[in-house]
Amino acid sequence: MIHIYLDKCKGCNICVKNCPLDAIEVKNKKAYTKDNCVSCGICVRVCPFKAIEKDTLNTQNYLICKNCPVNCTIPEGKTGACTRYQSNGNEIIRNRKLVVEGVYKSNKEKLGFEPIITGVGSGTSYPCCRPAPAIVQENVDGVDVVTVVTEAPLSYSGVKVKIDTNMHIGDEGAKVKRDGKIVGMVTTEEYGSKMLTLGGANLLSNGNDGFIVAKTIVDLANSRRVTLKVESGSTLELQQGHPPIIDGKKEKLMRVGCGSATVGMFARQMSEVVDEAIILDYHVIGLLSEHFAGEEVGLTYSGVVPYGVKSTRGRYFGKHGHGWGGTEIMDPIDSVAEVDMKLARPGMKILVTETTGQKAALLEVQHDGSVKDIGLNEQILEVVNLISSTCEESSVSVIYTGGTGGSARAGVSTLPRKLTDAIHNDEVLMTVAGAPAFVLPGGGINFMVDVGKMVPESTTWVPTPATVAPVEYTMTRKKYEEIGGHKAQIMTKEDLYKKFKLGN
């Protein structure tokens, strides 16, 4: 049981933030456990004042869960720290029904089979030397097919988060934090999106901070909203399938292409309404008249020099910022560095816009080479709206990543290396919570899976800490025997219904 020394407790709330079950509260600046505490020990490990201890177990009124090394002591009717297992009378049960039907349906023609069931609700077989919880065989179109499922604890796991935005959220390599703890980093910028990499073995194993890393991975993988802070950068509110909220502002559109690409696509339409166009973009700023696309539609260089450092003809590099197109330009007039009046003429019209067309201005060249904002007219607005109309809505996409090599294979096969080889040879179909997994080349079983295709709320975490993912391996019976499968544990669907107490 958990004991709190109130004389040492400072009421700092660190234990409250880390408890996976909301089983601890602070009242009058002192922490107290609730009746759903399962003695998982996270509060003991995170308390900076050593005010919490785990007493000698008194199991008289509790059942000990042995489905992972944490060994929660679960009161009657309550769940363990992972929220998957529940004390029910005199037994510990998996509290979610097994998803009996296979979810993934699109690969049958190639392989000749599909998964029979998913791993969601199957539970875990611990320790790893035990066969997986469900090994099911069914005859499909004359072929005996076997699907092996388990909910695998994966300490080698994380998420890749794609954020559709032009806005600068922070430098590459910047730490990403949740509640002040490091959970990942900004990695790259890729085609109109910023990429985060969160989790991974090192952060999950990073002492007591690994708990919030595991919680963050699972929250994002289960499509929950999470608030993160980039070091020296933006505050991000992220949720799978929803627009990102950056520094309190909802992002609307994903760019149609870089500034150069936008010039290329809309050169003809822009040339019909203005003399020059500057497309501001954090990646490449486009200048219409100098660009090859401008020449293609009959323009010659106007003499306008845009903000930025010239890369190639009609293409300029800017600097990151929170201004137009993700650059540092806050006022469209500043997008014009100078005008060469030997080439330009007074009255010349310059369109300034972004790759998404969300902001736009019309500038007029004055006699002294300066520019003046004269406001958009209806004709130019139609071209800007055309650019906007080709953009997609901004969204957050989460890719769950993990590795099921090592002992995670033992529940499937007595010859784990053969399982790995069969997956890489496309002889075994691997899916995760019903979604197709992309297995990375090379050794091991490192995979990536689109969270948006997984069964909702299918991942959990355990306070080792590690995340837990349902994994399905499907193959012919012949292949299962070849890779050393646990043949004696193969069951029919009828057996499956009995084992998991499912009605049919």
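Predicted model: local features only at pLDDT ≥ 70, side-chain atom pairs only at ≥ 80, totals over all residues.

Colleague: What makes Arg313 partly exposed?

Modeller: Arg313 has a relative accessible area of 31%, and the limits for the term are 20% and 50%. Arg313 is therefore partly exposed.

Colleague: Why are Arg313 and Glu295 said to form a salt bridge?

Modeller: The closest N and O atoms of Arg313 and Glu295 are 3.0 Å apart, and the cut-off is 4 Å. Arg313 lies in the loop between strand 23 and strand 24, and Glu295 in helix 7, so the pair ties together parts that are 18 residues apart in sequence.

Colleague: How many salt bridges does a search of the whole structure find?

Modeller: The search finds 22 salt bridges. In one of them, the side chains of Lys177 and Glu231 meet at 3.2 Å, N to O, against the cut-off of 4 Å. Lys177 lies in strand 12 and Glu231 in the loop between strand 15 and strand 16, so this pair ties together parts that are 54 residues apart in sequence.

Colleague: Which residues are linked with Asp219 in a network of salt bridges?

Modeller: The network links Arg178, Lys215, Asp219, Arg224 and Glu457. Within it, the closest N and O atoms of Asp219 and Arg178 are 3.1 Å apart. Both Asp219 and Arg178 are buried.

Colleague: How many aromatic pairs does the structure hold?

Modeller: The structure holds 1 aromatic pair. The ring centres of Tyr400 and Phe447 are 6.0 Å apart, and the cut-off for a pair is 6.5 Å.

Colleague: Why is the pair of Tyr400 and Phe447 called tilted?

Modeller: The planes of Tyr400 and Phe447 stand at 40°, so the pair is tilted; stacked requires under 30 degrees and edge-to-face over 60. The pair links distant parts of the chain, with Tyr400 in strand 30 and Phe447 in strand 34. Tyr400 and Phe447 are both buried.

Colleague: Where does Lys27 lie in relation to Tyr32?

Modeller: Lys27 lies over the face of Tyr32, at 5.4 Å from the ring centre, and the distance limit is 6 Å.

Key. Residues numbered from 1 in each chain as written. Heavy atoms only, no water. Helix = DSSP H or I, 4+ residues; strand = E, 2+ residues; numbered from the N terminus. Buried < 20%, exposed > 50% of the residue type's maximum accessible area, 1.4 Å probe, protein only. Lys NZ or Arg CZ within 6 Å of the ring centre and 35° of its normal.
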